[in-house]
Amino acid sequence: MLMRLRIIKHHEHEAATSQVPGDHDPHGGRCPTEHEQVCKDDAIFLNLKGKKTGRTLSGTSELSEVGDTSVMCASDGYCASDEKCCTSVCHKRHVCLKALHSDKKKQKQDEN
């Protein structure tokens, strides 16, 4: 019982220190599927060997960092504008990951 109270207190402290976003509106793009995520020691990458169904807007394969710098989230509002709140196979929880877009969306942005 004491251990459970410590865990609850820890989570309450985390929730109290996280800044609540101004809105929870969904960001563009989609979350990478579990099969599209590759866990490395320091980052989560897009699986380039799999079927390519999307790209990040920046064109990089890094989806997020691993460790204390990763941002846990409950909605897209906690994430940067080019990220979505997604389930991470590496973290085993929801974190902000770079959103994936179709190649057509990437080409359109490059033209602008």
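Colleague: Which residue in strand 3 stands opposite Phe45?

Modeller: Glad to start there, and please keep in mind that this is a predicted model, where local features need pLDDT of at least 70, side-chain atom pairs count only at pLDDT 80 or more, and totals for chains, interfaces and linings use all residues. Residues are numbered from 1 along each chain as its sequence is written, and side-chain values use heavy atoms, with hydrogens and water left out. Strand 2 covers residues 43-46 and pairs with strand 3 in the antiparallel sense over 3 bridges; strands are DSSP runs of E with at least two residues, helices are runs of H or I with at least four, both numbered from the N terminus, and two strands pair if DSSP finds at least two bridges between them. Across this pairing, the residue opposite Phe45 is Glu62.

Colleague: Which strands are the edge strands of that sheet?

Modeller: The sheet is open, with 3 strands in the order 1-2-3 and antiparallel pairing. An edge strand here pairs on one side only, and that holds for strand 1 (37-39) and strand 3 (62-65).

Colleague: By what angle are neighbouring strands of this sheet turned against each other on average?

Modeller: The axes are lines fitted to C-alpha atoms, and angles run from 0 to 180 degrees between N-to-C directions. With direction ignored, the average for neighbouring strands of this sheet is 25°.

Colleague: Which residue in strand 5 is the bridge partner of Ser88?

Modeller: Strand 4 and strand 5 run antiparallel and are joined by 6 bridges. They form a hairpin with 4 residues between them, and Lys92 in the turn has a positive phi of about 60°. The bridge partner of Ser88 is Arg93.

Colleague: How many of the residues of strand 4 are buried?

Modeller: Buried means under 20% relative accessible area, exposed means over 50%, and partly exposed lies in between, using a 1.4 Å probe and protein chains only. By that rule strand 4 is mostly covered, and of its 6 residues the buried ones number 5.

Colleague: Which side chain meets Asp82 in a salt bridge?

Modeller: A salt bridge needs a side-chain nitrogen of Lys or Arg within 4 Å of a carboxyl oxygen of Asp or Glu, and the count comes to 3. For Asp82 the N to O distance is 2.9 Å, and the partner is Lys98. Asp82 lies in the loop between strand 3 and strand 4 (83-88) and Lys98 in strand 5 (residues 93-98), so the pair ties together parts that are 16 residues apart in sequence.

Colleague: What is the N to O distance between Lys84 and Asp76?

Modeller: Lys84 is buried, and so is Asp76. Their side chains meet in a salt bridge, with an N to O distance of 2.8 Å.

Colleague: Which pattern does the protein follow along the sequence?

Modeller: Happy to finish with the overview: the secondary structure comes to 2 helices and 5 strands. Buried residues make up 27% of the 112 residues. Read along the sequence, the pattern is α-β-β-β-β-β-α.
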